[in-house]
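Grab a pencil and work through these exercises one at a time. Try each task yourself before you read the solution below it.

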Amino acid sequence: MWNVGPPAVIATLTAQFQFNLEWMLLAGALVGLILLGGFVIVRFKRWQAEQESPTLPTRIEDYRALMEQGLLDPREFERIRDQLEKGQPDKKVKPDSPSAAPPPADPPVK
């Protein structure tokens with residue numbers, strides 16, 4: 001009358017499952033290889049991005065060397081030198097952008 005223990009359906013499902021260490025090790029190795037491959041791809045992309053972005057010269061001596069090599073026009077060198085001496089980067093603004101508009105005129109002071 002009273003049935004003690006798990007139902008017969010669950011007992012038959014679990015009876016068919018056997019823990020196979022060989023398959024578990026193979027599955028773990030497969031997951032490990034996938035993770036290792038992802039890690040290698042991420043590191044390669046990061047390394048490639050570092051190689052593509054050369055450091056830009058920020059000292060006047062670097063620009064002078066470029067001018068002496070003939071890679072930079074002397075007038076351009078003078079403009080860059082003036083900008084570096086002011087301590088302000090040269091900001092080129094498109095004429096159609098809102099920040100290119102002149103500041104509003106102050107009302108005359110009486």
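**Exercise 1.** Is Asp 73 buried, partly exposed or exposed, and which residue does Asp 73 pair with in a salt bridge?

*Solution.* Keep in mind that you're looking at a predicted model.
- Step 1: Start with the surface. Asp 73 has a relative accessible area of 37%.
- Step 2: Look for the partner. Asp 73 forms a salt bridge with Arg 75, and their closest N and O atoms are 3.2 Å apart. The cut-off is 4 Å, so this pair counts.
- Step 3: Arg 75 has a relative accessibility of 67%. Exposed means over 50%, so Arg 75 belongs in that class.

Why can such pairs form at all? Side chains of opposite charge can pair when their charged atoms come close.

**Exercise 2.** How many salt bridges does the structure hold, and which of them can you find in helix H4?

*Solution.* 
- Step 1: Get the total, which is four salt bridges.
- Step 2: Go to helix H4, residues 74-86. Glu 76 and Arg 79 form a salt bridge there, with the closest N and O atoms 2.5 Å apart.
- Step 3: Count along the helix. Glu 76 and Arg 79 are three residues apart, so about one helical turn separates them. Each of the two is partly exposed: Glu 76 has a relative accessible area of 30%, and Arg 79 has 30% as well.
- Step 4: Now try Glu 78 and Arg 81. Their side chains meet in a salt bridge at 2.5 Å, N to O. This pair also lies in helix H4, three residues apart, about one turn of the helix. Glu 78 is partly exposed at 33%, and Arg 81 is partly exposed at 26%.
- Step 5: Follow the shared partners. Salt bridges link Glu 78, Arg 81 and Glu 85 into one network.

**Exercise 3.** Which two rings make up the aromatic pair, and is the pair stacked, tilted or edge-to-face?

*Solution.* 
- Step 1: Rings pair if their centres lie within 6.5 Å, and this gives one aromatic pair.
- Step 2: The rings belong to Phe 44 and Trp 47, with centres 5.8 Å apart.
- Step 3: Their planes meet at 40°. Stacked needs under 30 degrees and edge-to-face needs over 60, so the pair is tilted.
- Step 4: Phe 44 and Trp 47 both sit in helix H2 (residues 21-52), three residues apart, about one turn. Phe 44 is partly exposed at 44%, and so is Trp 47 at 45%.

**Exercise 4.** Where is confidence lowest and highest among the helices?

*Solution.* 
- Step 1: The chain averages a pLDDT of 76, and 58% of the residues score at least 70.
- Step 2: Helix H1 (residues 8-16) is lowest, with a mean of 61, while helix H2 is highest at 94.
- Step 3: Over residues 93-101, pLDDT stays under 50.

Conventions:
Residues are numbered from 1 along each chain as its sequence is written. This is a predicted model: local features need pLDDT of at least 70, side-chain atom pairs count only at pLDDT 80 or more; totals for chains, interfaces and linings use all residues. Side-chain values use heavy atoms; hydrogens and water are left out. Rings of Phe, Tyr and Trp (its six-membered ring) pair if their centres lie within 6.5 Å; planes under 30 degrees apart count as stacked, over 60 as edge-to-face and the rest as tilted. Helices (H or I, at least four residues) and strands (E, at least two) are DSSP runs, numbered from the N terminus. Buried means under 20% relative accessible area, exposed over 50%, partly exposed in between (1.4 Å probe, protein chains only). pLDDT is the predictor's confidence in each residue, from 0 to 100. Contact means heavy atoms within 4.5 Å.
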